[in-house]
Amino acid sequence: MGNRVGQLCLVIGAVVGVVAITVASVNDPLVAVGAVALLLLALFAVAQQMDGWRWLLGLTVGLLVCASSRLPALVEASFYPRYAAVAGLVVWALRMPRRAADRTDPWTRILVAALWAMAGLATVSFTWSVVPMETLQRGVALLLLAALVHVLVRHRWPDRAVMLADLRMVYLVLSGSALISLGFGFADGTLFAALSQTDRFEGLYNNPNMLSIVCALATPLGWAVYRESRRRWELLGVVPTVACLLLSQSRTGLIAVLVGALWVVLRHGLGRVVRLGAGLAAGLLLAYLFNLLPVIFAGTWMRRFVLRFTDPTGGDLSNGRTEMWQATVDLWWQNRPTLGFGYASRNHLFALASLDDSFGTGVSVVHNSYLQLLLELGLAAVAPLALLLLAVGRVALRAPVRRADSGLVWLVVTGLLIQVTESAIFGTGQTYPYVFWFVVAGVLLHMPSDRAGTDDAEASGSAAPPPPRILHPVDSLPPRPVAALR
């Protein structure tokens with residue numbers, strides 16, 4: 001039954017992908033043919049390894065990617081189907097037999113409860129929202145996200161192998177979207193503009209920051225898949241994600257990925273840090289000896305990239321984000337500090353506030369998930385948000401960093417940092433919150449209860465010592481039978 005459902009999902013996913021991409025690229029046949037061929041090849045390559053639910057998961061992530069596209073045809077075609085696909089995942093998982101993990105971390109239950117509390121508060125906020133219908137619609141979508149995380153923890157992901165296989169499907173879709181973005185940019189010329197001019201690359205997505213957010217999560221996810229399977233070809237998917245991350249010139253994404261990687265290295269111990277530093281120093285020395293440094297750092301694209309970190313565009317290095325944050329705090333605290341203006345009301349709220357000359361017309365986004373929650377849900381959101389952040393902090397501080405967990409912890413730290421300058425932690429219409437909260441819940445679910453011994457053994461690179469042998473007194477041993485002489 002599962003294989004037949006999987007084949008059905010394969011056919012449906014292929015047909016939807018062919019139709020959507022062809023319609024979106026009707027004026028560019030090269031992109032349509034290349035994207036469709038890549039999709040069909042990926043589906044064929046993994047067809048025999050995926051069950052039906054996993055195929056629906058891949059289709060759901062693909063629809064979320066399409067909803068974040070800059071192509072109007074893809075956005076319109078995926079707007080409602082993405083929520084229907086999420087609901088389908090929830091219903092399908094509920095029909096699965098409930099499994100019990102060997103050792104369920106209590107913080108997993110806290111995470112799920114806090115997600116439900118945040119989603120419930122967001123939905124109820126339509127009663128005082130400045131845009132009630134928008135708040136209600138987005139609140140229901142957030143409830144679907146909480147429900148999906150809940151059923152994953154209860155019904156599907158107690159089996160760690162199943163969890164990692166599902167995350168591998170997510171990785172394949174995200175890395176595929178990065179590869180298609182490069183092909184799309186090659187066809188319409190934006191890739192060359194990003195390499196030679198001041199333009200930032202956005203690929204298939206609606207803006208460079210969205211592309212960088214997706215690639216910043218897909219890169220450590222690819223590392224987790226590789227560390228679990230030990231198949232080097234799994235790292236091929238990281239190549240387009242890293243390329244798109246660099247071409248997007250997103251300071252937030254790049255810094256978050258590097259800090260997340262450094263955090264995991266530090267968790268491995270001082271020895272790993274010393275070896276990494278020595279390797280980097282040796283690489284720079286070789287590049288200097290072969291006169292490669294000018295080639296790497298003197299290119300037009302590299303100079304533009306460095307300017308992103310040094311040129312105070314918009315008055316400061318934050319591109320005006322500090323002004324946005326101050327305006328957000330003022331608007332929230334002076335008007336509705338307790339309950340906020342309603343979930344997902346930010347766009348309409350700034351449009352209304354910009355009519356007031358004292359507020360200013362230059363601010364349209366918050367660019368900080370935590371401040372945006374205060375603006376939309378007020379102090380009522382502090383308690384569930386604090387519990388969620390404590391659960392995320394437990395993953396970053398206590399989760400093991402061996403095998404796949406090293407990439408998953410890397411992803412969690414990266415995602416947490418990205419939200420300081422982006423507003424996507426509960427943006428239910430895009431891929432980021434689903435991938436982020438999936439990974440947090442999965443790591444918590446399988447976190448060992450006793451971490452001290454595991455960390456020590458991992459840092460020293462040795463296994464636990466064998467139990468001591470008990471030596472009995474010689475006199476207490478039974479006499480050995482002696483063979484008779486013949």
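Analyst: Accessible areas here come from the Shrake-Rupley method with a 1.4 Å probe; for residues, only the protein chains shown count as cover. By that method, the protein chain exposes about 23800 Å². Carbon and sulfur atoms supply 67% of that area.

User: What should I know about the model before we go on?
Analyst: This is a predicted model: local features need pLDDT of at least 70, side-chain atom pairs count only at pLDDT 80 or more, and totals for chains, interfaces and linings use all residues. Residues are numbered from 1 along each chain as its sequence is written, and side-chain values use heavy atoms, with hydrogens and water left out.

User: How many helices and strands does the chain have?
User: And how much of it is buried?
Analyst: The chain has 21 helices and 0 strands. Helices (H or I, at least four residues) and strands (E, at least two) are DSSP runs, numbered from the N terminus. Buried residues make up 48% of the 486 residues. Buried means under 20% relative accessible area, exposed over 50%, and partly exposed in between (1.4 Å probe, protein chains only).

User: Which buried residues does α17 have?
Analyst: They are Ser-369, Tyr-370, Leu-371, Gln-372, Leu-373, Leu-374, Leu-375, Glu-376 and Leu-377. That is 9 of the 9 residues, so α17 is largely enclosed by the rest of the structure.

User: What happens at the start of α17, and just after it?
Analyst: At the start, a side-chain oxygen of Asn-368 reaches to within 3.0 Å of the backbone nitrogen of Tyr-370. Just after α17, Gly-378 takes a positive phi of about 65°.

User: Where is His-367?
Analyst: His-367 sits in the loop between α16 and α17. Its phi is positive too, about 60°, although His-367 is not a glycine. His-367 counts as buried because its relative accessibility is 16%.

User: Which side chain makes a polar contact with His-367?
Analyst: The side chain of Glu-422 does, at 3.5 Å. A polar contact is a pair of N or O atoms within 3.5 Å; within protein, one must be able to donate a hydrogen and the other to accept it, and residues adjacent in sequence count only if both atoms are side-chain atoms.

User: Is Glu-422 buried or exposed?
Analyst: Buried, with a relative accessible area of 6%. Glu-422 lies in the loop between α19 (404-418) and α20 (431-445). Among the residues Glu-422 touches, not counting those up to four places away in sequence, are Asn-209, Arg-321 and Ser-369. Contact means heavy atoms within 4.5 Å.

User: New topic. How many cavities of 30 Å³ or more turn up?
Analyst: A search of the whole structure finds 1. On a 1 Å grid over the protein atoms alone, a cavity is a set of points where a 1.4 Å probe fits but cannot get out, and a pocket is an open set with protein on both sides within 12 Å along at least five of seven lines; lining residues have an atom within 4 Å of a point.

User: What lines the largest cavity?
Analyst: Leu-57, Thr-60, Val-61, Leu-64, Leu-89, Leu-148, Tyr-434 and Phe-438 line the largest cavity. The largest share, 4 residues, comes from α3.

User: And which residues lie nearest the centre of the second largest pocket?
Analyst: Arg-138, Arg-346, Asn-347, Ser-423 and Gln-430 do, out of 35 lining residues. Among the elements giving two or more residues to that lining are α6 (132-156) and α17 (369-377).

Methods: Points joined across faces, edges and corners; volume = space filled by probe spheres on them.
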